[in-house]
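Colleague: I am new to reading protein models. Could you take me through one, feature by feature?

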Amino acid sequence: MLEPLRQGLPPLNLAAASDAASCALHARYEAVREARRFTRGTLDQWHLGDRFDDVCLVVSELVTNALRHALPANAPRLAAPEPPVRLHLMRWTGRLVCAVRDPSDEGPVARDAEDLSGDCSAESGRGLFLVDSFSDSWGWHPLAGAFGGKVVWALFRLPQP
């Protein structure tokens, strides 16, 4: 299940992941809510519910960006046979990775903090700033092969038991 993401993650041993879960998301308004619900259930199952607020904010931003910027303008938004976006959650002993795969080859573009401070009324443009602020690190990588597109990931350090 995780093999297609191997190229798109920070250097971690995927075989050593203690838990992994994935959720396909159709291109529709409810997808972000579905991603949050999936994240809540998964983190609760992994006994990481205390990290939900930060992780959920990051998941929401990554999924929103994938739906808003990574899908072709003329792509059908309601019922595609294969959902265009997929959320992956992976946990190791001391780390949690959220990864969102989408069909675009274009990398995400983070706005400068100076640009963000000038317009307090802007309704968009802060997503990657929030991802950077709430996660321990984030990045993206193009995917090769049959999947194509890219994966954008965010890493959270977990307290050691």
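Colleague: Let me start with one residue. In which helix is the place of Ser 60?

Modeller: Ser 60 sits in helix H2. Keep in mind that this is a predicted model.

Colleague: Is Ser 60 buried or exposed?

Modeller: Look at the relative accessible area. Under 20% counts as buried. Ser 60 has 10%, so it is buried.

Colleague: What does the side chain of Ser 60 make a polar contact with?

Modeller: Its partner is the side chain of Arg 36, at 3.4 Å. Set aside the neighbours within four places in sequence, and Ser 60 is in contact with Val 32 and Arg 36.

Colleague: Now the whole protein. How many helices and strands are there?

Modeller: Count 4 helices and 5 strands. Along the sequence they come in the pattern β-α-α-β-β-α-α-β-β.

Colleague: How much of the protein is buried?

Modeller: The protein has 161 residues, and 42% of them are buried. Its accessible surface is about 8,900 Å². Carbon and sulfur atoms hold 51% of that surface.

Colleague: What share of the contacts joins residues 24 or more positions apart?

Modeller: The share is 66%, counted among contacts with a separation of 6 or more.

Colleague: Which residues of H2 are buried?

Modeller: First, the general idea. An α-helix has 3.6 residues a turn, so residues three or four places apart point the same way. Now the case here. The buried residues of H2 include Phe 52, Val 55, Cys 56, Val 59, Leu 62, Val 63 and Ala 66.

Colleague: What do the buried residues of H2 pack against?

Modeller: They pack against E1, H1, E2, E3, helix H4 (127-134) and E5.

Colleague: Why does Asn 65 count as buried?

Modeller: Buried means under 20%. Asn 65 has 19% relative accessibility, so it counts as buried. Asn 65 lies in H2, which covers residues 52-69. Leave out residues up to four places away in sequence, and Asn 65 touches Ala 70 and Leu 128.

Colleague: Let us turn to the nonpolar cores. Which residues of the largest nonpolar core touch the most other members?

Modeller: They are Leu 25, Val 59, Val 63, Leu 67 and Leu 87, out of 32 residues in that core. The elements giving two or more residues to this core are E1, helix H1 (31-45), H2, E2, E3 and strand E5 (150-157). H2 gives the most, with 9 residues.

Colleague: What does Val 59 touch?

Modeller: Again leave out residues up to four places away in sequence. Val 59 touches Ala 35, Thr 39, Leu 87, Leu 89 and Cys 98. There is also a second, separate core of 8 residues. Among them are Trp 92 and Trp 153.

Colleague: Now the strands. How many bridges join E1 to E2?

Modeller: There are 7 bridges between strand E1 (residues 19-25) and E2, and the two run antiparallel. One example is Ala 21, whose bridge partner in E2 is Leu 89.

Colleague: How does E2 pair with E3?

Modeller: E2 and strand E3 (residues 95-102) pair in the antiparallel sense, over 6 bridges. Arg 86 stands opposite Arg 101 in E3. A hairpin of 3 residues joins E2 to E3.

Colleague: And which strand do 8 bridges join to E3?

Modeller: That is E5, and E3 and E5 run antiparallel. Val 100 has Val 152 in E5 as its bridge partner.

Colleague: Why are E2 and E3 called largely enclosed?

Modeller: Count the buried residues. In E2 (residues 85-91), 5 of the 7 residues are buried, so E2 is largely enclosed by the rest of the structure. In E3, 7 of the 8 residues are buried, so E3 is largely enclosed too.

Notes. Residues numbered from 1 in each chain as written. Predicted model: local features only at pLDDT ≥ 70, side-chain atom pairs only at ≥ 80, totals over all residues. Heavy atoms only, no water. Buried < 20%, exposed > 50% of the residue type's maximum accessible area, 1.4 Å probe, protein only. Contact = heavy atoms within 4.5 Å. Areas by Shrake-Rupley, 256 points an atom, 1.4 Å probe, with all protein chains shown as cover. Pairing = 2+ DSSP bridges. Polar contact = N/O pair within 3.5 Å; in protein donor to acceptor, adjacent residues only side chain to side chain. Core = buried A, V, L, I, M, F, W, Y, C linked by side-chain atoms within 4.5 Å.
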